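Subject: Structure for you, with notes on charges and surface

Hello,

Here is the structure I promised.

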Amino acid sequence: MSSNVVIMVVLIVLITSIAGVMRAKYSVRRDRHGNPLPAHDSAETERMREEMKVLKERLAVLERIATDRNHSLEQEFERLRDR
C-alpha cells in the first residue's frame, strides 16, 4: 500500500471524527432522511420547563424551612397556606 493511500484514509477518518464531535457539541438533530430538525421548543417542553421552575421554587422553600433553626415551622406553613 502506498503512503498516499494511508494518508488519505487517515484524513477521511479524522475529518469524519471531527464532524461527529462538532455535530454532538452543537446538537444538530436530523430526521431519518438527514434533514436538520427545527430547533424550536414544543408546547410540552415549555410546560415542563415552567413546572420545573415551580418545583425548584418549592424545593428551595422546603430546604430553607429544614435548615433554618430560628424560624418557626408553623409560621412558614401558615404563610404558604395563605398563597
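Arg47 pairs with Glu51 in a salt bridge, with the closest N and O atoms 3.0 Å apart. The term means a side-chain nitrogen of Lys or Arg within 4 Å of a carboxyl oxygen of Asp or Glu.

Before the rest, the basis. This is a predicted model, in which local features need pLDDT of at least 70, side-chain atom pairs count only at pLDDT 80 or more, and totals for chains, interfaces and linings use all residues. Residues are numbered from 1 along each chain as its sequence is written, and side-chain values use heavy atoms, with hydrogens and water left out.

Arg47 also bridges to Glu44, at 2.8 Å from N to O. In helix H2 (residues 43–67), Arg47 and Glu44 are 3 residues apart, about one helical turn. (Helices are DSSP runs of H or I, at least four residues, numbered from the N terminus.) Arg47 and Glu51 are 4 residues apart in H2, again about one helical turn.

Arg47 is partly exposed, at 42% relative accessibility. (Buried is under 20% relative accessible area, exposed over 50%, partly exposed in between; 1.4 Å probe, protein chains only.) Glu51 is partly exposed at 39%.

How many salt bridges are there by this rule? The count is 3. One of them joins Arg81 and Glu78, with N and O 2.7 Å apart. Both residues lie in helix H3 (residues 73–81). Arg81 is exposed at 61%, while Glu78 is partly exposed at 42%.

Best wishes

Definitions and conventions
Helices (H or I, at least four residues) and strands (E, at least two) are DSSP runs, numbered from the N terminus.
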